[in-house]
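Reader: Hi, I'm new to this one. Can you put it up and walk me through it?

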Amino acid sequence: MNRCIVLAAALMLIAGPARAQDWAKARLDKSPRHQEFVKVKQGDREIQSFIVFPEVKDKATAVLVIHEIFGLSDWVRSVADQLAEAGYIAIAPDLLSGMGPKGGGTSDFAGGRDGVMKAVSSLPPKQVTADLNAVAEYVGKLPACNGKLVVGGFCWGGGQTFRYATNNPSIKAAFVFSGPPPAKEEDIARIMCPVYGFYGGNDARVNATIPKSTELMKKAGKTYEPVIYEGAGHGFMRAGEAPDANEANKKARDEAWQRWKELLKKV
C-alpha cells in the first residue's frame, strides 16, 4: 500500500505543473491572434520557438521573451500572446530545444518540473547566447517587424535578460523580472540599452543585488531603473496571474504589466 501511495504522489508531482497552468493554456486557446511554432537554425541546433503576431496595420517592434527555469511553459507562451495583444511581435524560444530525450525540448523531460529545472540551470551560457542571437536575428528580419528588438525575461530568464544585454548591442531595451545582474563590471560596461527592473518585495536573495547593479550601471553611465513591488514574491508575474493569486502578487503583476507596456511604447 505504501508503495502505491508513493507512486501516486510521484505521478501527481509530474503532472502538477501542467495542471497548475491549465488557466494559461485556456487563455492561449481562446486567443484570436496568429500563433505558431517555428524552428530557428543555430549551427547544428534548431531552436523551437513560439511566436505570436499582433493584429496591427503597421510593422511592429519584436519582443524576445526568455522563459523561467521551468522552461517554455504555457504561461510563458501566454505572456507572448499578451504582448502581441498589446501590439508587439513576441517570440519565446525553448532554450531546452534538442536537450531533452530523443532530441526533444521542455515538454519531453522526464522527472517533471525538477528535471526541467536541472536542465535549464545546466545550460551552457555560450549556447544560450548563441540561441538568443539566432532567434533575435530571425525575428528582426521578419517582414512584419520594424527592425526594433527588445528582450524581457522572468526569474532565471530575468538574469539571462540582463546578461544578454551585455552581449547584443542591437537590442533597444532590456526588461528584467526578478533576475540578478552580470557578475563582472566589464560586462556591465558593454550594455548599450536601458535596463528596467521589476522585483518582488519579498525576494531578498535577488533584491540584495539591486544596490550593486545600481552602482555599477551608474558608474558605467548606463540607464538602470529598478522598481520593487512590496509584498510580492519572486515569481509574482506568473503567480499574480494565477486564479489563486494573493492580493500582493496580483497587484504587483498588474502594476508591472502596465509599466512594461508604457515602457514598450517609448522604444
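Predicted model: local features only at pLDDT ≥ 70, side-chain atom pairs only at ≥ 80, totals over all residues.

Reader: In which sense do β3 and β5 pair, and over how many bridges?

Author: They pair in the parallel sense, over 6 bridges.

Reader: Which residue of β5 does V63 stand opposite?

Author: V63 stands opposite V150.

Reader: Zoom out. How many strands form the sheet, and in what order?

Author: There are 8 strands, and the sheet is open. The order runs β1-β2-β4-β3-β5-β6-β7-β8. The pairing is mixed.

Reader: Why is one side of β1 and of β8 left without a neighbour?

Author: β1 (34-42) and β8 (224-229) stand at the edges of the sheet. Each has a single partner strand, so one side of each has no neighbour in the sheet.

Reader: And what does the twist average?

Author: From one strand to the next, the twist averages 20 degrees.

Reader: New topic: helices. At what angle do α5 and α6 pack?

Author: Helix α5 (residues 125-140) and helix α6 (residues 156-165) pack at about 75 degrees. Their axes are 11 Å apart. The two helices are therefore roughly perpendicular to each other.

Reader: Which residues make the contact?

Author: From α5, they are P125, V128, T129, L132, N133 and A136. From α6, they are W156, Q160, R163 and Y164. By class, that contact has 6 nonpolar residues, 3 polar and 1 charged.

Reader: Okay, cavities. How many of 30 Å³ or more does the structure hold?

Author: The structure holds 1 cavity of that size. About 50 Å³ of space lies in the largest cavity.

Reader: What lines the largest cavity?

Author: The lining is E68, W75, F154, C155, F177, S178, H234, G235, F236, M237 and R238.

Reader: Which helix gives the most to that lining?

Author: Helix α10, residues 236-239, gives the most, with 3 residues.

Reader: And how does the lining divide by class?

Author: The lining of the largest cavity has 6 nonpolar, 3 polar and 2 charged residues.

Note on methods
Residues numbered from 1 in each chain as written. Heavy atoms only, no water. Pairing = 2+ DSSP bridges. Helix = DSSP H or I, 4+ residues; strand = E, 2+ residues; numbered from the N terminus. Axes fitted to C-alpha atoms, helices over the stretch in contact; angles between N-to-C directions. 1 Å grid on protein atoms, 1.4 Å probe; cavity = no way out; pocket = protein on both sides within 12 Å on 5 of 7 lines; lining within 4 Å. Points joined across faces, edges and corners; volume = space filled by probe spheres on them. Nonpolar A, V, L, I, M, F, W, Y, C, P; charged D, E, K, R; others polar. Parallel < 35°, antiparallel > 145°, perpendicular 65-115°, else oblique. Contact = heavy atoms within 4.5 Å.
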